[in-house]
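The following note sets out points on the structure shown below.

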Amino acid sequence: MGSGPENKKLKELSFPSKNIFFLGNINNIQKVYQVADYFVSASYSEGLPNSVLEAMSSGITCILSDIPMHRELYGEEIDMINFNPNSVESLYKACLLYTSDAADGEDSV
């Protein structure tokens, strides 16, 4: 969701996947969270990440980069998986953990 300077490049990289959607700017994000399988934030740094807070409040599983602000936001009650933000392989494995239903909400890869 949203847009930015990498939008065109990301669309090219994701082609021809039928599982990746570029929705642009969204006015009612809660509708998207209701149908999403999980939320991914691959940030290297964050202040107060509103998008993560919104996703967490909707109850969706969050796959978050292992950075201080993300660690500060989650607790044992949050369904969350974290990964090394400097490793594409780590993100890939985190997504596999969730999609294989092996995640228990506190795994780190």
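1. On a 1 Å grid over the protein atoms alone, a pocket is an open set of points where a 1.4 Å probe fits, with protein on both sides within 12 Å along at least five of seven lines; lining residues have an atom within 4 Å of a point. Grid points are joined across faces, edges and corners, and a volume is the space filled by probe spheres set on the points. By this definition the largest pocket has a volume of about 1700 Å³. Of its 34 lining residues, Met-1, Ile-20, Phe-21, Phe-22 and Val-40 are the closest to the centre.

2. The model is predicted: local features need pLDDT of at least 70 and side-chain atom pairs count only at pLDDT 80 or more, while totals for chains, interfaces and linings use all residues. Residues are numbered from 1 along each chain as its sequence is written, and side-chain values use heavy atoms, with hydrogens and water left out.

3. The protein contains 5 helices and 3 strands, where helices (H or I, at least four residues) and strands (E, at least two) are DSSP runs numbered from the N terminus. Their order from the N terminus is α-α-β-α-β-α-β-α. At least two residues of the largest pocket's lining come from each of helix 1 (7-14), helix 2 (29-35), strand 1 (38-41), helix 3 (50-58) and helix 5 (88-99).

4. The lining of the largest pocket comprises 21 nonpolar, 10 polar and 3 charged residues. Here Ala, Val, Leu, Ile, Met, Phe, Trp, Tyr, Cys and Pro count as nonpolar, Asp, Glu, Lys and Arg as charged, and the others, Gly among them, as polar.

5. Buried residues make up 29% of the 109 residues; buried means under 20% relative accessible area, exposed over 50%, and partly exposed in between (1.4 Å probe, protein chains only). A nonpolar core is a set of buried Ala, Val, Leu, Ile, Met, Phe, Trp, Tyr and Cys residues joined through side-chain atoms within 4.5 Å. The largest such core has 13 residues, and Tyr-33, Phe-39, Val-52, Ala-55, Cys-62 and Leu-64 have the most contacts inside it. Helix 2, helix 3, strand 2 (61-65) and helix 4 (68-73) each give two or more residues to this core. Another core, of 5 residues, lies apart from it and includes Ile-63, Ile-81, Phe-83 and Ala-94.

6. Which residues does Phe-39 touch, not counting those up to four places away in sequence? They are Tyr-33, Ser-51, Val-52, Ala-55, Ile-60, Thr-61, Cys-62, Ile-63 and Leu-64, contact meaning heavy atoms within 4.5 Å.

7. Gln-30 is in helix 2 and counts as partly exposed because its relative accessibility is 31%. Beyond its neighbours within four places in sequence, Gln-30 is in contact with Glu-54, Ser-57 and Ser-58. Its C-alpha lies 8.3 Å from that of Ala-55, 25 residues apart in sequence.

8. Pro-49, in the loop between strand 1 and helix 3, is buried, as its relative accessible area is 2%. Leaving aside neighbours within four places in sequence, Pro-49 is in contact with Met-69, His-70 and Leu-73. The C-alpha atoms of Pro-49 and Met-69 are 7.9 Å apart.

9. Most peptide bonds are trans. The bond joining Phe-15 and Pro-16 is cis, with omega about 5 degrees, and Pro-16 is found in the loop between helix 1 and helix 2.
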